[in-house]
Amino acid sequence: MKLVVAVIQDKDTPKLVEALVAKGLRATKLASTGGFLRQGNTTLLVGVDDAKLNEVLKIIKETCQTRQQMVAPMGPMGGGAPDSFAAYPIEVVVGGATVFILNVERFERM
Ligand code: 2BA
């Protein structure tokens, strides 16, 4: 069994969760925040049998888009991007998805 940890954009979350559930796959949605942009994103946990791993990855690929986003310069009161990137606005490409695949040692539902 594998645990897929996918960091995705909030905008892609409803479509991805719907697609996973429609295929009988189980997912848990966690609210998260990106360290660089310091904006909300979503982390999905998907526990899946090895045989279905590729199906999960395919669904993620099909539903999560890349998007350009501007990083605002740091204001006098702080906030925004980290200092070293904050002298002027920069454009970053976010997503489609950052995916970690972990081996599950043991899984139980009680
Ligand atoms: P953030 O950390 O807010 O990063 C958003 C986007 O900013 C990244 O998109 C990337 O295009 C850019 N970026 C991040 N760090 C950068 C840096 N040091 N210099 C220049 N540009 C930088 P993605 O790569 O698609 O990442 C989207 C989100 O996925 C990240 O949001 C973070 O929450 C998560 N993530 C990405 N890589 C990760 C990793 N190795 N470990 C844990 N979380 C990760």
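Me: Which residues does aspartate 12 touch, not counting residues up to four places away in sequence?
Reply: Aspartate 12 touches Thr63, Cys64, Gln65, Arg67 and Gly96, where touching, or contact, means that heavy atoms lie within 4.5 Å. This is a predicted model, in which local features need pLDDT of at least 70 and side-chain atom pairs count only at pLDDT 80 or more, while totals for chains, interfaces and linings use all residues. Residues are numbered from 1 along each chain as its sequence is written, and side-chain values use heavy atoms, with hydrogens and water left out.

Me: Why is aspartate 12 called buried?
Reply: Its relative accessible area is 2%, and buried means under 20%, exposed over 50% and partly exposed in between, with a 1.4 Å probe and protein chains only, so aspartate 12 is buried. Aspartate 12 sits in the loop between β1 and α1, the elements being DSSP runs numbered from the N terminus (helices are H or I with at least four residues, strands are E with at least two).

Me: What lies 3.2 Å from a polar atom of the side chain of aspartate 12?
Reply: The backbone nitrogen of glutamine 65 lies at that distance. A polar contact is a pair of N or O atoms within 3.5 Å; within protein, one must be able to donate a hydrogen and the other to accept it, and residues adjacent in sequence count only if both atoms are side-chain atoms. The pair at 3.2 Å is therefore a polar contact.

Me: Which residues have the most contacts inside the largest nonpolar core?
Reply: They are Val4, Leu16, Leu20, Val56 and Ile60, in a core of 14 residues. Such a core is a set of buried Ala, Val, Leu, Ile, Met, Phe, Trp, Tyr and Cys residues joined through side-chain atoms within 4.5 Å. At least two residues of this core come from each of β1 (2-8), α1 (13-22), β3 (40-48) and α2 (53-63), and α2 gives the most, with 4 residues. In soluble globular proteins, nonpolar side chains tend to be buried together.

Me: Which residues are closest to the ligand?
Reply: Phe36, Leu37, Asn41, Val93 and Gly95 are the closest among the 13 residues that surround the ligand, a residue being near a molecule if one of its heavy atoms lies within 4 Å of it. The shell divides into 8 nonpolar, 5 polar and no charged residues. Here Ala, Val, Leu, Ile, Met, Phe, Trp, Tyr, Cys and Pro count as nonpolar, Asp, Glu, Lys and Arg as charged, and the others, Gly among them, as polar.

Me: Why is arginine 38 called partly exposed?
Reply: Its relative accessible area is 46%, which falls between the limits for buried and exposed, so the term partly exposed applies. Arginine 38 lies in the loop between β2 (28-33) and β3, and its phi is near 55°, a positive value in a residue other than glycine.

Me: Which residues does a cis peptide bond join?
Reply: Glycine 95 and glycine 96 are joined by it, with omega about -5°. Glycine 96 lies in the loop between β5 and β6. Most residues other than glycine have a negative phi, and most peptide bonds are trans.
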